[in-house]
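My entries follow the display.

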Amino acid sequence: MTHPWFSASAAPRVLAHRGFVPRDADGIVENSLAAFAAAHAAGASYVESDCHLTADGEVVLVHDADLSRVLGDPRPVSDVRAIELERIMADRGGLVTLRQVFSSFPTLRFNLDVKVPDAAVSVGRTVARHADRVLITSFSDERRRTALEAAWAVGGDPATSAGTATTVRVLAAVATRSSRLVGLALEGVHALQVPERHRGVRIVTPRLVEAVHRHGVEVHVWTVNEPADMHRLLDLGVDGLVTDRTDLALATLRARR
């Protein structure tokens with residue numbers, strides 16, 4: 001399956017994980033306007049981010065359910081109004097809302113993880129007009145499908161990657177060596193986005209990559225920050241690296257071409 005989301009650059013792709021925070025950035029945090037701008041300036045075509053809902057119903061691009069790790073504020077995102085979150089983020093790189101991000105970065109593609117059920121419908125409706133630039137994902141297949149259905153309802157058709165349950169079915173099908181079962185498990189999915197290992201078990205193998213590719217689906221691996229790991233995974237034929245080190249990943253790709 002092809003989708004316009006994949007047309008921004010040829011595979012293998014670099015997906016800037018929560019934007020890009022350079023080592024010398026002063027006070028800038030992940031998933032901020034400045035982090036997205038830094039990813040774009042470094043040459044990234046794709047940004048991975050996360051969707052939460054504020055107290056007043058604004059979809060914001062924030063990873064954690066609360067603000068403690070990034071901003072030192074223990075409150076849940078869902079308890080904070082967007083205008084207050086904007087004030088808090090003003091000197092940390094700037095708040096990014098889903099409504100604003102497409103006009104702020106008109107050439108970027110976005111890989112959006114729906115983190116909470118309450119955000120799913122709003123995410124789908126908001127991205128529908130920009131569906132050619134969006135891939136929707138979630139650990140929860142239910143949240144992912146809810147967002148997709150909301151986009152379809154208003155005429156949008158984003159790309160999508162597998163949630164956890166779908167990924168488990170794909171892995172089980174690959175283990176059977178049945179191409180038919182792999183195809184059924186991947187139905188409706190454009191990408192399989194997985195860690196290289198999970199709890200000590202290797203997920204990304206040559207057999208997995210070959211089986212998924214046979215059905216026209218890409219394999220993206222997260223979160224890959226070391227050049228040696230990047231080279232090893234690219235040698236396996238993976239199509240995308242989700243990374244905190246956008247600079248190193250892009251340099252690695254350039255060196256291989």
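**Notebook: aromatic pairs**

I looked up Tyr46 and noted that this residue counts as buried, because its relative accessibility is 1% (buried means under 20% relative accessible area, exposed over 50%, and partly exposed in between, with a 1.4 Å probe and protein chains only). I recorded that the model is predicted, that local features need pLDDT of at least 70, that side-chain atom pairs count only at pLDDT 80 or more, and that totals for chains, interfaces and linings use all residues. I also wrote down that residues are numbered from 1 along each chain as its sequence is written, and that side-chain values use heavy atoms, with hydrogens and water left out.

I then searched the whole structure and found six aromatic pairs; rings of Phe, Tyr and Trp (its six-membered ring) pair if their centres lie within 6.5 Å, and planes under 30 degrees apart count as stacked, over 60 as edge-to-face and the rest as tilted.

One of the pairs is Trp5 with Tyr46, which is tilted, at 4.5 Å centre to centre and 50° between the planes. This pair links distant parts of the chain, 41 residues apart, since Trp5 is in the segment before strand S1 (13-17) and Tyr46 is in strand S2 (residues 46-53); helices (H or I, at least four residues) and strands (E, at least two) are DSSP runs, numbered from the N terminus. Trp5 counts as buried, because its relative accessibility is 0%.

I next noted that the ring centres of Phe36 and Phe110 are 6.3 Å apart with planes at 40°, so this pair is tilted too.
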